[in-house]
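Morning, everyone. I'd like to talk about charged side chains today. Have a look at the model first.

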Amino acid sequence: MSSDQLRPSRADMKRLRLRSGLAGDTPVVAVGAHDAMSAVLIGNYNFDAVWVSGFGVSAMAYGQPDLNLVTMSETLAVTRAIESVTDLPVVVDCDNGFGGFSNVVRTAVEFDRAGVAAVCIEDNLFPKRNSLYQGQSKRDLIPTREQARRLKAAVEGKDSEAFVVIARVEALIAGHGVEAAMERATAYSEAGADAILIHSKDKTLTEITDFLEAWHAAGMTKPLVAVPTLFPDYTADELHEKGFSMVILANQPMRAAVKAMEETLEVLDKERKPAAADPTIASVNHIFDLVHTTETIQAEEADEEG
């Protein structure tokens, strides 16, 4: 078989599937995973991609706030575990690239080499503030020209042409308005970003609608990505009709896991016996099944039996 007939790698097949979805007639729906098991469970349902949430990794893997306290290497370690257990494209929330210009480039290179389908890089200044945080905090953005320069270098530094770079615009979150968001989104698109994630705290979707109208009026064609945590009543199909190609359900499994664990621990604290929790928790055998325990044992023992 000649080199031009070789099949794409497993990583590139998933990347090409993501790219095809972004150009498709239905929305790409990604769900947030914070560890390998949550990625396994997501894969058992009709979703299109796995989102590795920076919030989820910080909170669940390291017990830290989402304030750039978790390093690129720590995020990469969790991502590798997630990538290894799912056949879905993996899209990684890489915050602001974990530092300055060279950090952004290295982030793109390392996650590309790790086999993930895409990274998402935002324009919050280091150290970042989580977009969902409702309290008072200083929220500064990287200058537009500098962020475009970083994204351009990240795109140029990737090994695989199929690897996807998503630029996240935080202008609406920071209160800078639609015009500023358009300026940034346009600059990042022209820098080579493959898609634009536009975020807003406006639950009425007025800001988002105004942005979408300006985006389409300007003739921009790059796919748009939504994270509707702050406007949760809109379905993926409704957001797709408005102009979004990808919808990320970013943190619901994490929040469900925390609530379930708290409820179980409360029962165990009160009853002090394991049977008290059994009616509301997964069986041990179900966990065995999820990680293919029986198949693995059979494979290990096959030669012995032969």
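Start with a pair on the outside. Asp159 is exposed, and Arg113 is exposed too. This is a predicted model, so keep that in mind throughout. Asp159 and Arg113 form a salt bridge, with the closest N and O atoms 3.2 Å apart. The pair links distant parts of the chain. Asp159 sits in the loop between α6 (144-157) and β5 (164-169), while Arg113 belongs to helix α5 (residues 101-113).

Next pair. Arg184 forms a salt bridge with Asp123, closest N and O atoms 3.3 Å apart. Arg184 is in helix α7 (residues 177-190) and Asp123 is in the loop between β4 (118-122) and α6, so this bridge ties together parts 61 residues apart in sequence. Buried or exposed, Arg184? Buried, because its relative accessibility is 7%. Asp123 is buried as well, with a relative accessible area of 0%. Salt bridges that share partners also join Arg10, Lys14 and Glu83 into one network.

Let's take one link of that network. The side chains of Glu83 and Lys14 meet in a salt bridge at 2.9 Å, N to O. Glu83 is in helix α4, Lys14 is in helix α1, and they are 69 residues apart. Both Glu83 and Lys14 are buried.

Now the two helices. Helix α1 covers residues 10-22, which is 13 residues. From first C-alpha to last it reaches 19 Å, close to the expected 18 Å. Its buried residues include Lys14, Arg15 and Leu18. Viewed down the axis of α1, the buried residues fall within an arc of 120°, so they line one face of the helix.

Helix α4 runs over residues 72-85, 14 residues in total. It reaches 20 Å from first C-alpha to last, close to the 20 Å expected. Among its buried residues are Met72, Leu76, Ile82 and Glu83. Down the axis of α4, the buried set falls within an arc of 165°, so here too they line one face.

In total, the structure holds 16 salt bridges.

Last, a charge without a bridge. Asp202 lies in the loop between β6 (195-198) and α8 (206-217). Asp202 is buried, yet has no salt bridge. Which side chain of opposite charge is nearest to Asp202? Lys203, 9.6 Å away. What does the side chain of Asp202 reach instead? The backbone nitrogen of Glu207, at 3.0 Å. Leaving out residues up to four places away in sequence, Asp202 touches Glu207 and Phe231.

Conventions. Residues are numbered from 1 along each chain as its sequence is written. This is a predicted model: local features need pLDDT of at least 70, side-chain atom pairs count only at pLDDT 80 or more; totals for chains, interfaces and linings use all residues. Side-chain values use heavy atoms; hydrogens and water are left out. Helices (H or I, at least four residues) and strands (E, at least two) are DSSP runs, numbered from the N terminus. Buried means under 20% relative accessible area, exposed over 50%, partly exposed in between (1.4 Å probe, protein chains only). Lys and Arg count as positive and Asp and Glu as negative; His and the chain ends are not counted. A salt bridge is a side-chain nitrogen of Lys or Arg within 4 Å of a carboxyl oxygen of Asp or Glu. A polar contact is a pair of N or O atoms within 3.5 Å; within protein, one must be able to donate a hydrogen and the other to accept it, and residues adjacent in sequence count only if both atoms are side-chain atoms. Contact means heavy atoms within 4.5 Å. The expected span of a helix is 1.5 Å times one less than its number of residues. The arc is that of the directions from the helix axis to the C-beta atoms.
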